[in-house]
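Here's a quick walk through this model. Have the sequence and the 3D view open as you read.

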Amino acid sequence: MSRADPRTRGFTLVEIMVALVVFSLAALALIRLEGQTIRSTGFVSSALLAQIVARNVAIEAVTDAQPPTRGRATGVEQVGGRTWTWVRDTQPLGDGDVQRIDVAVSDAGGAVMGRATMVRPPPAPVAQVRTGP
């Protein structure tokens with residue numbers, strides 16, 4: 001009986017099965033990683049939109065001509081095709097008219113997804129113009 005040339009031998013069934021198992025494990029790991037990436041992207045998108053709402057509400061309170069009323073105020077905004085509920089707490093800071101404005105934004109499920117804190121400075125003094133001698 002003659003032996004086959006070692007250079008022309010193929011893979012054995014066991015070698016092919018081991019290669020398939022290794023490839024399958026790598027493919028499953030990549031599929032799980034893809035699922036986690038998709039979930040993370042959804043969360044980041046929601047958190048970004050909530051942060052935009054929080055900043056808009058806080059900036060509106062800081063730049064409005066009249067200072068916001070002290071205490072708690074709530075509202076609803078539509079951003080990115082979603083409904084966001086915000087809560088704004090306005091508290092005095094120190095002895096003057098400086099106000100601290102805290103905003104928390106929740107999604108439809110009630111989970112807080114974004115926060116913002118800003119300080120509203122006291123109103124600028126009005127300059128008086130003198131007329132006459």
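## The sheet

Two strands count as paired if DSSP finds at least two bridges between them. Strands themselves (E, at least two residues) and helices (H or I, at least four) are DSSP runs, numbered from the N terminus. On that basis, four strands make an open, antiparallel sheet in the order β1-β2-β3-β4. β1 and β4 (112-120) sit at the edges, each pairing on one side only. On average, neighbouring strands are turned by 20° against each other, direction ignored.

This is a predicted model: local features need pLDDT of at least 70 and side-chain atom pairs pLDDT 80 or more, while totals for chains, interfaces and linings use all residues. Residues are numbered from 1 along each chain as its sequence is written, and side-chain values use heavy atoms, leaving out hydrogens and water.

## β3, β4 and the helix

Eight bridges join β3 (residues 99-106) to β4 in the antiparallel sense. Pick out Ala104 and you'll find its bridge partner in β4 is Arg115. Helix α1 packs on the sheet and touches β1, β2 (82-92), β3 and β4, with contact meaning heavy atoms within 4.5 Å. The direction of α1 makes about 25° with that of β4; axes are lines fitted to C-alpha atoms, for helices over the stretch in contact, and angles run from 0 to 180 degrees between N-to-C directions.

Ile31 belongs to α1 (residues 13-63). Ala65 lies in the loop between α1 and β1 (71-79), and its C-alpha is 9.2 Å from that of Pro123, 58 residues apart along the chain.
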